[in-house]
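Q: Could you take me through this structure feature by feature, giving the general idea before the particular case?

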Amino acid sequence: MHASLPEFDMPTEEQVHLAAESFRLLADPTRIKVLWALLQGESSVACLAELAGAAPTAVSQHLAKLRLAGLVRGRREGTFVYYSAADDHVRGLLAQALHHADHVDREITSAEHSHHPRSS
């Protein structure tokens with residue numbers, strides 16, 4: 001059935017697995033905060049920890065995984081490492097996810113209000 005559609009296209013197994021791995025890595029609130037902060041500009045672990053409300057050691061571990069996945073870059077300056085988001089694809093992905101979350105949250109909130117009248 002699908003094969004008869006002229007524009008029908010499926011991703012390769014490798015593309016599917018890489019996409020799933022990216023989503024798996026992003027499925028963490030601290031990582032989302034860290035990446036969003038890095039999209040605003042380069043930052044250190046200490047600053048990112050403060051912004052994300054997490055311990056610097058935890059942020060370091062998250063950054064190491066994000067770096068291995070190619071989502072984050074590190075630049076050493078003396079004893080400090082400054083991190084930045086790898087590219088704008090990350091921005092698009094996170095912006096879409098956050099926009100979607102905001103939209104879903106509003107739908108849930110309005111659905112709750114319409115289905116659960118306040119008792120007085």
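This is a predicted model: local features need pLDDT of at least 70, side-chain atom pairs count only at pLDDT 80 or more; totals for chains, interfaces and linings use all residues.

Q: Where is Phe-8 placed, and why does Phe-8 count as partly exposed?
A: The partly exposed class lies between the buried limit of under 20% and the exposed limit of over 50%. Phe-8 sits in the segment before α1 (13–26), and Phe-8 counts as partly exposed because its relative accessibility is 40%.

Q: What is the order of the elements along the protein chain?
A: Reading from the N terminus, the order is α-α-α-α-β-β-α, which goes with a count of five helices and two strands.

Q: How many aromatic pairs does a search of the whole structure find?
A: The search finds one aromatic pair. It is formed by Phe-80 and Tyr-82, whose rings are 6.3 Å apart centre to centre, with 35 degrees between the planes, and the pair is tilted. Tyr-82 has 24% relative accessibility and therefore counts as partly exposed.

Q: What can be said of burial and contacts over the protein chain as a whole?
A: Of its 120 residues, 22% count as buried, while the protein chain exposes about 9000 Å², of which carbon and sulfur atoms supply 57%. Among contacts between residues at least 6 apart in sequence, 52% join residues at least 24 apart.

Terms used
Residues are numbered from 1 along each chain as its sequence is written. Side-chain values use heavy atoms; hydrogens and water are left out. Helices (H or I, at least four residues) and strands (E, at least two) are DSSP runs, numbered from the N terminus. Buried means under 20% relative accessible area, exposed over 50%, partly exposed in between (1.4 Å probe, protein chains only). Contact means heavy atoms within 4.5 Å. Accessible areas come from the Shrake-Rupley method with a 1.4 Å probe; for residues, only the protein chains shown count as cover. Rings of Phe, Tyr and Trp (its six-membered ring) pair if their centres lie within 6.5 Å; planes under 30 degrees apart count as stacked, over 60 as edge-to-face and the rest as tilted.
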